[in-house]
Amino acid sequence: MHSVTAIVVAHDGSRWLRDTLRAVLAQTRPIDRGVGVDNGSRDGSRDLLGEAFGKHSVVQMPRSSGFAEAVHEVVRRLPKAPGDTEWIWLIHDDCAPDARALEFLLHAADEYPETAVLGPKLRDWLDRKLLLEVGVTVARSGRRETGLEAREYDQGQHDAEPRGVRDVLAVSSAGMLIRRDVWDELGGLDAKLPLFRDDLDFCWRARAAGHRVLAVTAAVAWHAEASSKRRRRIAASDDHPRRLARRYSLFVLMANLPFWTMLWSLVRNTVGSLIRTVLFLVAKQPAHAVDELAAIGSVLFHPLRLRRARKARKASRAGYQLVKPMFSPPSLAFRRIWEMVQNQLSGGGPMDSAGRHHAVQQPGAEEGDELLNDDDGFLRRTFASPGVRLFVLLTAVAIAAERDLLTGGMLGGGALVPVAGGASDLWAFYTGEWAPPYVAVLAVLSTVTLGKTWLAVSILLLGCVPLSGLSAYLATRSFVSYRPARVWMAATYALLPVATGVVASGRIGSAVVFILLPVYASLATKVLADTRPVSFNRVARRAAWGLGLLLAVGTAFAPILYVFVAVLGLLAALSFGGVKRGVGGNLLIALGAPLLLLGPWLATIVRDPVRILREAGLPMTSSPRLAPEALLTLNPGGPGTPPIWATAGLLAVALGALLLRRHQFIVAVGWGVAIVGVLAATVVSRMSTWPGVPLAFAATGLLVSTALAAHRVAEFRKAGGLRKAGAFLIVLVAFATPVAAATLWIMDRAEGPLERGVRSPLPAIAEAQSKPGQGTLLIRAAAGGSTGGLTYTVLHGRTPVIGESERAAYGSDFTDAVAGLASGRGGTDAAKLAGRGIAFVSVPAPIDPALRRALDSEPTMARVTLTDRAGLWRMTGTVTPERPPADDAWHRWWLYGQGALVVIVLILAAPGARTAEAEAPEEIPAGRERVAV
Amino acid sequence: MRRLIENRFGMLALVLIALGAVYGVAFVSRPAPVAPVKAEPVRAPIAAVSTVCPDPGGATVTAVTPPNAEGGGQTLIEDGDEPATVDEPGKLWQKTMASGTDPMRVHATGAMAAGLEAAQTRRALTGAARGLAGVRCVDPGADAWFVGPGPAAGDLKLHLANVESAPADVALVVYSGEGQVIADRASGMLLKPGEHRVVDLKKVAPSPLVMALNVSTGRGRVAAAVEAATPEGVDWLPQTTQPAERVVVPGVPGSAGRRELYVAAPGESDAVVHVKAVLKDGSYALENRETVEVPAGSVVTLDLSTGVTGQPAAIVLTSETPVVAGLKIVGTGGRTDVAFTAGAPSIDLGSVVADARSTKDVTSRLILSAPDKAADVTVTLLPREGKAPEPIEVAIPAARTKEIILKGPAKGFSVVVTPKTGSGPVYGGRVMEERAAGGQLVTAQPLAVARTWTLVPPVAEEPSAVLSQPS
């Protein structure tokens, strides 16, 4: 006797689930047991399952669980049915079997008792006659092959007469009927393949173990392929299904092939992938290209994972000879290429290398279908997402405020060196000498922006407001669940006085830190407070590496960040370390990675500790007399910051939120961070340093603790009456801050030292005539003009690129010589300068007449030009070119080492197979609250 | 603690206390406002000086370095084939050159450079060049201004010498009473290193009766001096200050004779120039000559004889457009001689006059003016022979001019004028007069800033110099 247990796995599939369940329950051969699994649906799928199978037969799984995991969970709990041949019938929520499907399947099973896995013929859900698959096989490229033409209608042409069964390598997991003893023997579907190709992998193993896998053509099921066609959002992974499919295809292939065959296949697939990537790029499908690369990369870069999978499949490789004949013939590959060429020529759909999940792919139908969906259409989802809307809005605000900064000549001013040069200049600078590491970061970004450094800098600096808004919105996903609160929080964060001040004064260092700060907060939360039991270690460890890497980036731009994070980390370690094992180690990773990545540079800072207070770009001091009330209202002062009342609303709401008793622990932590931040800002400010970074920290703490209480406002609103009015008032006050900040910013036109159309400091003649190793001395009246002081810098044959300003100073001898030259005292000053490689002296307007006279009267110098805008003099004597820095072997090795370290940290930080995140806020168990600050 | 945190008011109170504490810290640590420290320039001795006596032939050349700086040094006087060296500060070197001598370069380094001064004085009792004609040996420069009579009023010769190692590209701009003179031959003069040349200004611009001359170089440097031989007498035109909105023409002697002021407005717009004379007893606007209007690009003369003759004076000109100015001093007698003074800077760092004499016939006057604030100066004489007399302290009340008749050894001496610290700006000139048969001989030289000291501005290496500073 057979005993069939139908397992229906649902995930946001209520659209199809009703029909599916009806079909399952209406089988002519009734199922013996029915179990529903709900993978954290949000559309009532759970209730539907409950109605169909009874409340107790529904298993609730987290939203991030995969299909295989869900089935495993059910099978684990399923009591054995003694005496019977037990079968497991896997049903997707979007797969409705025909009424007689089970009957035919069991009939075939009776007929061929050695069969372990059976599957129905699959047809399309909407176009009911459209054939999807009749068993599948795999190509050597890992491609899933159905052996069908595109859009083939089922007229019985593939039905295997007379008995209605076909021997196949695999059948789809939609409607798959599995003998339970075989399931147990083989260990079932591989839970490491949460979504795609788990069926192929399982059937391969079944085949290799000597079982038969049959496609029963008489049994029919209609399948909507909701996940692979993106008709619903996948929660088990953040990646595009195409990339997942490709990745898992390769993985399954590599895991099951014998070693030498696998190696050969690996090589073949790597080369093939690269070729395909190029083809995709040529065909202007960059997304596909990225997916292709990411898929092969994820297989290549995780050899350990592959090894584990292979270890588990030792037995299956032994039976390779049984599987080999089932592979798709090589001729099929040529057919695919031909189809691809045809497609390209006819302007058809995109190339596809993963192999369609099924035979049909209808781009047109896909689009039309999407709109029917409630929250999942791509375009709609994009523009319906509050995050995207916020980003668009903030971008509009930024464009309106920065209207004078968007176009025109060179961008520069404040702390920003006029942005000149391209990615190659930055690379040359970084690899040529001991340059500050942020140059490398900017070089990478400039490379991404096709070598245009100005574009990269503009995006970071001028786009600071929308980017930080976006990062704040996305990064808080894991701990603020109430969306309007997240929107408010992100908008307020993005428009903080720090942000507008950053833009106005061109502080690219603070801009980068400001954008990254929410990400730090999110990663740090994962490191400290991840409570997920299963994957806790790995997720937290990865987060720690990621935090370390990003911290290194931020530290390179503004070293003070590291000090601040280290202090907070230490406090956190003291309060969490005793509670959770591993936190200490992860914190050590997060704080140690920047030390490792920035080693020699940090050593130079330790030698000159004042530089901790400096940030990327030109040194720019700030008044040490910042008012205490400005510090408390998170206003760092300086150009571009609004009056201090602009942020008063934020402070009022934050204090008000304290009265709501909710998340008290996190609120306390948030306020702790805020107060430590303001205190640090006070210290830093009194040292004539702009307190942007610590104030951004303080604001983050304040915003998080406020946003966590925000859902109470919604409750108030529902309550009506006086409370409703109160809620309205709170919202008004809360939103007053970002609205006022945006308005003031737009009215202020982001005015500050940062401007467009900065003149190149190097006269064209000097640029054209400087020989290598020669420099141009640029002398300018010091700020505040009338004091008569002069400042100078030396330019080397071109407008300096970002970071060159941090070169070692020329020293007091040189300064004395410049002063002597400027005084016109004669003597050997000019010769001294010429001996240090100075070939030109440039003085931009306004030219002090005394200085002009001095330069004119210097016998070893000749005037080249003198106009209202600038004067240029040339050394007539011999100019000794500065010796190019000796080829520093230690520097070269360090560059290699640094590159290798970055790659290693990237790999360690890269999300593994399971990147899913629980979106629900993690409540911290009550027991931990005793360690409150 | 935990209970406090879980109580809503407890938490609020905690936070408020913490905020208050932070406010307190910020309030207490806020530093008092500090006035920005004004970095004062530092005085430093000049380390090398190079100066050119434009036409020493037949003239007496004097070179001196006052004893200022410590250490060694050397002055090299390139006197044709027999260069002389001096390495003793305070010692006068004086020699009368044979006629036809080329321009002479006087070059000093080290301690001898600090204050080096050289001048040439020619004395002729007969002939067309009758008169005293003196000029301070000039520094090579890129820009020089002269104001005085024009080529139509006499022979005007521009002496150019390039003593540098780079070629100089010289351009002349002549402004006349009728406006700027467009001249073909005014530009494109190239002087090779070591080359010197005398340009007859008549060939450049024959018509101006009065002129302002700007000698500038596109590249390189040149030593420029203008010799004027007019029917009234001969002398050199001293270099005047660059066009400025305030010009002080010092050194008008208290002797008799005509005084004529030249004012030029080389800019693009007309100038209304206010004229004031700083006299012995105060500073006055001259009656009916309170202002003078100078059309753009032209030169105007103003007879000041009735106002200042017989009184030592300095003329202060103020205008909203930059002007240059000079003054002609005409000696008395049947055959007159002229002398010229011109706009000069204040001698904040001191001044040296190389050549002065005091005999029965020759009077040397030092005219010092303090147009703004009271000034105190020390006047020291450096005699050619013999012991130096005691320094003289001179106090000049605000807006007054003082004339000092210099009494020194007959063989000649140099004069060092040093303002005391805290003194107001001082302007001055030295005038030498000689009673001679037929008429008085006269020459004048406005005091120039001594090459003793220079102000070394505070300089800092700052990468932000690449950006234009907001003023």
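**Helix α20 of chain A and its surroundings**

Modeller: Helix α20 of chain A, residues 464–475, has 12 residues and reaches 16 Å from its first C-alpha to its last, which is close to the 16 Å expected at 1.5 Å a residue. Please keep in mind throughout that this is a predicted model.

The helix α20(A) is mostly covered, with 11 of its 12 residues buried. The buried residues of α20(A) are Cys464(A), Val465(A), Pro466(A), Leu467(A), Ser468(A), Gly469(A), Leu470(A), Ser471(A), Ala472(A), Tyr473(A) and Ala475(A).

One partner of this helix can be described closely. Helix α16 of chain A, residues 386–401, packs with α20(A) at an angle of about 160°, and their axes are 8 Å apart. Angles over 145 degrees count as roughly antiparallel, and α16(A) and α20(A) are therefore roughly antiparallel to each other. Their crossing is right-handed. From α16(A), the contact is made by Gly387(A), Leu390(A), Phe391(A), Leu394(A), Thr395(A), Val397(A) and Ala398(A), and from α20(A) by Val465(A), Pro466(A), Gly469(A), Leu470(A), Tyr473(A) and Leu474(A). Sorted by class, this contact of α16(A) with α20(A) has 10 nonpolar residues, 3 polar ones and no charged residues.

The axes of α1(A), residues 14–25, and α2(A), residues 45–53, come within 10 Å and cross at roughly 10°, and that makes α1(A) roughly parallel to α2(A). Here, too, α1(A) passes α2(A) in a right-handed crossing. Ser14(A), Leu17(A), Arg18(A), Leu21(A) and Leu25(A) in α1(A) meet Ser45(A), Leu48(A) and Ala52(A) in α2(A), and by class this contact has 5 nonpolar, 2 polar and 1 charged residues.

As for chain B itself, its secondary structure comes to 4 helices and 36 strands. Buried residues make up 54% of the 471 residues in chain B, and among the contacts in chain B with a separation of 6 or more, 81% are accounted for by residues 24 or more positions apart.

Terms used. Residues numbered from 1 in each chain as written. Chains lettered and ligands numbered in written order. Predicted model: local features only at pLDDT ≥ 70, side-chain atom pairs only at ≥ 80, totals over all residues. Axes fitted to C-alpha atoms, helices over the stretch in contact; angles between N-to-C directions. Helix = DSSP H or I, 4+ residues; strand = E, 2+ residues; numbered from the N terminus. Parallel < 35°, antiparallel > 145°, perpendicular 65-115°, else oblique. Left-handed = near helix turned anticlockwise from the far one by under 90°. Contact = placed C-beta atoms within 7 Å. Nonpolar A, V, L, I, M, F, W, Y, C, P; charged D, E, K, R; others polar. Buried ≥ 20, exposed ≤ 12 C-beta atoms within 10 Å, placed from the backbone. Expected span 1.5 Å × (residues − 1).
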